[in-house]
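Trainee: Could we go through this model together? I would like to begin with the loops and then move on to the packing and the charged pairs.

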Amino acid sequence: MPASLLEYFPKANGDGLNISWAHDVNSRGRLGVALRSQAMVLEADISMSINSRLPVPIMAHSPGMMSDITMEEWLHEALPYNKGIKLNFKSTEVVEPACRVLARVSEQASTASGSKIRGPLILNADILPGPNNPMTPPVDAWTFLTLSRTRFPHSVISIGWTTCNEVIEVMPGACIKLGFTRETVDKMIGVVKEFSLIQPIMFPVWLLHLKYSAPEIQRLLFQVPNSSLMAWCHKGDPVTLDDLLMIRKTFHISQVFYDLPDDLQQHFYSVT
């Protein structure tokens, strides 16, 4: 059985809050800073380039964005370090070419050093639509899960829902759905069972949904063995310290990892 994220980092003492992340490592400059930092896991986004003669996977948050580093260059720089890697696949079209690059570079690293990716490797994609009819289409579940499961059997598979972040800007009184329904959660459980996933599973959940869906997410973790949560939010989201403490009390400390703005993360860490 592939190792869970906490097994890679014994210094975390079984507590997901103790795993430190470098966020949005999508440029040469940010990668250099992150590699020299104390961050345990590097998080970066993969999109297809539209500005090169031959489309290649680049490190960028959205298709069409500019980047000064390709995925292959990024991996060659990151792999020699003893850090985890979380790769966010931003579209269906980037999945297969990105998996080819990842397989090739990791094989080259294995041949050169006698060891494979030092790990952990987390492969992430939003494969189901979330509430409020998000405009961003989900990554095709079959494409992502088939390639992740077969080509990288020792990875952690992270699967979530697309989000409609602009709901936080809607005027008061508008019809906004925050939280997951039972049907939404059951669809995710069904996907896991359909693909017979045995790797560790991580479910990234926007905190604005999670704080209204704790019972349903508890049921999700119960139904999916060897699973965990990534509770995340953006800077400026209406997430309070009390919200985080509620999540902390609701779930076991080994079940939840936190992707938070630095100031909120530090405040949360200081009171736990």
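Mentor: N226 sits in the loop between helix 8 and strand 8, where helices (H or I, at least four residues) and strands (E, at least two) are DSSP runs numbered from the N terminus. Please note that this is a predicted model, in which local features need pLDDT of at least 70 and side-chain atom pairs count only at pLDDT 80 or more, while totals for chains, interfaces and linings use all residues. Residues are numbered from 1 along each chain as its sequence is written, and side-chain values use heavy atoms, with hydrogens and water left out.

Trainee: What is the phi of N226?

Mentor: The phi of N226 is near 60°, a positive value in a residue other than glycine. Most residues other than glycine have a negative phi.

Trainee: And is N226 buried, partly exposed or exposed?

Mentor: N226 is partly exposed, at 36% relative accessibility. Buried means under 20% relative accessible area, exposed over 50%, and partly exposed in between, with a 1.4 Å probe and protein chains only.

Trainee: Where is N13, the residue in a loop?

Mentor: N13 lies in the loop between helix 1 (5-8) and strand 1 (21-22). Its phi is near 55°, a positive value in a residue other than glycine. N13 counts as exposed, at 65% relative accessibility.

Trainee: Back to strand 8. Which residues is S228 in contact with?

Mentor: S228 belongs to strand 8 (residues 227-232). Leaving aside neighbours within four places in sequence, S228 is in contact (heavy atoms within 4.5 Å) with I201, M202, F203, L221, Q255 and F257. S228 is buried, with a relative accessible area of 11%.

Trainee: What about E43, is it buried or exposed?

Mentor: E43, in strand 2 (residues 41-48), counts as buried at 8% relative accessibility. Not counting residues up to four places away in sequence, E43 touches A22, H23, D24, V25, K86, N88 and D259. E43 and D24 are 19 residues apart in sequence, yet their C-alpha atoms are 5.9 Å apart in space.

Trainee: How many helices and strands does the protein chain have?

Mentor: The protein chain has ten helices and nine strands. Of its 272 residues, 53% are buried. Among contacts between residues at least 6 apart in sequence, 72% join residues at least 24 apart.

Trainee: Let us turn to helix packing. At what angle do helix 6 and helix 8 cross?

Mentor: Their axes come within 10 Å and cross at roughly 15°. Axes here are lines fitted to C-alpha atoms, for helices over the stretch in contact, and angles run from 0 to 180 degrees between N-to-C directions. Helix 6 is therefore roughly parallel to helix 8; angles under 35 degrees count as roughly parallel, over 145 as roughly antiparallel, 65 to 115 as roughly perpendicular and the rest as oblique.

Trainee: Which residues meet there?

Mentor: R182, V185, D186, M188, I189 and K193 in helix 6 meet E216, I217, R219, L220 and Q223 in helix 8. By class, this contact has five nonpolar, one polar and five charged residues. Ala, Val, Leu, Ile, Met, Phe, Trp, Tyr, Cys and Pro count as nonpolar, Asp, Glu, Lys and Arg as charged, and the others, Gly among them, as polar.

Trainee: Now the charged pairs. How many salt bridges are there?

Mentor: The count comes to twelve salt bridges, a salt bridge being a side-chain nitrogen of Lys or Arg within 4 Å of a carboxyl oxygen of Asp or Glu. One of them pairs E72 with R104, the closest N and O atoms being 2.8 Å apart. This pair links distant parts of the chain, with E72 in helix 3 (residues 71-78) and R104 in helix 4 (residues 95-113), 32 residues apart. E72 is partly exposed at 27% relative accessible area, and R104 is partly exposed at 35%.

Trainee: What does K187 form a salt bridge with?

Mentor: K187 forms a salt bridge with E183, with the closest N and O atoms 3.9 Å apart. Both residues lie in helix 6 (residues 182-194), four residues apart, about one turn of the helix. K187 is partly exposed, with a relative accessible area of 49%, whereas E183 is exposed, at 54%.

Trainee: And the pair of K211 and D243, how far apart are the closest N and O atoms?

Mentor: In that salt bridge they are 3.1 Å apart. K211 lies in the loop between helix 7 (207-210) and helix 8 (214-223) and D243 in helix 9 (residues 241-250), so the pair ties together parts that are 32 residues apart in sequence. D243 is buried, with a relative accessible area of 15%.
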